[in-house]
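Open the structure in your viewer and keep the selection tool at hand. We will go from stop to stop, and at each one you will hear what to select and what is there.

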Amino acid sequence: EVRDLKYYEQAKRFAPENEAFWGFDDFKLYQFIKDDISEISKDTAKPFAIYAITIDTHVPYGHLSTQCGLQSVKREEQYPLVLRCASLQIDDFLNWAKNQSWYKNTTIVIMGDHVTGILSPRAKISSGEQLYWIDLFINSEKAPTNTLRNFSSFDMFPTILEAMGVQIDGQALGLGVSLFADKPTLLETYPQRIL
C-alpha cells in the first residue's frame with residue numbers, strides 16, 4: 001500500500017495548503033510513520049514493513065522545517081541547520097521506537113542514498129573533506145565480519161533480508177551481495193573509477 005501526499009490528503013490527515021518543499025516536510029512524515037506503525041502493529045501475529053523516504057536534506061539547499069526553528073537564516077546558508085534538524089528527528093524517532101512493544105523484534109535500517117559534491121561545502125565540511133552517507137542496521141539478526149566494504153545500493157537488497165534473518169542461498173540476489181557474506185561485491189571486484 002502506497003501512502004503518499006494524495007493518500008494523506010484524501011484521508012484528511014494533511015491539508016494541501018500546508019504543503020512545503022516537495023509535499024510535506026520530514027517532521028510531518030515522521031508523525032505519519034509513527035501513527036501508521038502504531039496502527040498496523042496492533043495485529044502482533046502479522047509481520048510488517050514500512051519504507052519511508054525523507055527529503056528535507058535534498059539538494060540544492062535542503063528544506064528547513066518550521067519545526068526546526070531559526071527560519072531567519074539565508075536559504076543558501078541553511079544546510080548545516082537542515083542536517084542538524086534531520087539528525088534530531090531521526091533521534092526522536094528511534095527513541096520513540098525503543099519504547100514500542102515491537103522494537104526488540106524489528107529490524108530498523110536507516111540508509112543514505114547519494115551525496116553530491118555541492119553538499120560538502122554547504123554543510124560546512126572542511127576543504128578537502130567529503131560528506132558521506134551512512135547505513136545503520138538496528139536489531140540485525142547478523143553481524144558483519146568485515147566493516148570496511150565497498151558496496152553499492154544493489155548490495156542492500158540481500159543485506160537487509162539477511163539482517164531480518166532470511167536465509168539466502170549464496171548470500172547474493174540480482175547484482176547484490178550481502179555485506180554479511182565473505183565474498184566480494186561488484187565494487188570490490190570492479191573498482192569504481194572516477195572520470
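Select Leu-29 first: with a relative accessible area of 11%, Leu-29 is buried (buried means under 20% relative accessible area, exposed over 50%, and partly exposed in between, using a 1.4 Å probe and protein chains only). Leu-29 sits in helix α2; helices here are DSSP runs of H or I with at least four residues, strands are runs of E with at least two, and both are numbered from the N terminus. Now show what surrounds Leu-29: not counting residues up to four places away in sequence, it touches Phe-24, Ala-52, Ile-53 and Thr-54, where contact means heavy atoms within 4.5 Å. Draw a distance from Leu-29 to Ile-53, and you will find 8.7 Å from C-alpha to C-alpha, for two residues 24 apart in sequence.

A word on what you are looking at: this is a predicted model, in which local features need pLDDT of at least 70 and side-chain atom pairs count only at pLDDT 80 or more, while totals for chains, interfaces and linings use all residues. Residues are numbered from 1 along each chain as its sequence is written, and side-chain values use heavy atoms, with hydrogens and water left out.

**The whole chain**

Zoom out and colour by secondary structure. The protein chain has six helices and four strands, and along the sequence they follow the pattern α-α-α-β-α-β-α-β-β-α. Its C-alpha atoms fill a box of roughly 50 × 50 × 30 Å, taken along the principal axes. Of the 195 residues, 31% are buried. Among contacts with a separation of 6 or more, 46% are between residues 24 or more positions apart.

**Aromatic rings**

Next, select Tyr-30 and Phe-93. Their rings form a tilted aromatic pair, 5.8 Å centre to centre with 35° between the planes. Rings of Phe, Tyr and Trp (its six-membered ring) pair if their centres lie within 6.5 Å; planes under 30 degrees apart count as stacked, over 60 as edge-to-face and the rest as tilted. Tyr-30 belongs to helix α2 (residues 26-40) and Phe-93 to helix α3 (residues 79-98), so the pair ties together parts that are 63 residues apart in sequence. Both Tyr-30 and Phe-93 are buried.

How many aromatic pairs does the count come to? By this rule there are ten. For a group of rings, select Tyr-7, Tyr-8, Phe-14, Phe-24 and Phe-32, which form one aromatic cluster.

Stay with Tyr-7 for a moment. Tyr-7 lies in helix α1 and is partly exposed, at 23% relative accessibility. Leaving out residues up to four places away in sequence, Tyr-7 touches Glu-1, Val-2 and Arg-13.

**The nonpolar cores**

Now select Phe-93, Trp-102 and Ile-108, the residues with the most contacts inside the largest nonpolar core, which has 16 residues. Such a core is a set of buried Ala, Val, Leu, Ile, Met, Phe, Trp, Tyr and Cys residues joined through side-chain atoms within 4.5 Å. Helices α2 and α3 each supply at least two residues of this core, and α2 gives the most, with five. Apart from this core lies another, of six residues, among them Leu-64, Tyr-79, Ala-123 and Leu-131.

Return to Ile-108 and show its surroundings. Setting aside neighbours within four places in sequence, Ile-108 is in contact with Leu-94, Ala-97, Trp-102, Tyr-103, Leu-136, Phe-137 and Ile-138.

**Backbone stops**

Most residues other than glycine have a negative phi, and most peptide bonds are trans. With that in mind, select Val-59 and Pro-60: a cis peptide bond joins them, with omega about 5°. Pro-60 is in the loop between α2 and α3.

Then go to Lys-12, which has a positive phi of about 60° although it is not a glycine. Lys-12 lies in the loop between α1 (5-10) and α2, and at 75% relative accessibility it counts as exposed.

Asn-139 also is not a glycine, and has a positive phi of about 65°. Look for Asn-139 in the loop between β2 (136-138) and α5 (156-163); it is partly exposed, with a relative accessible area of 27%.
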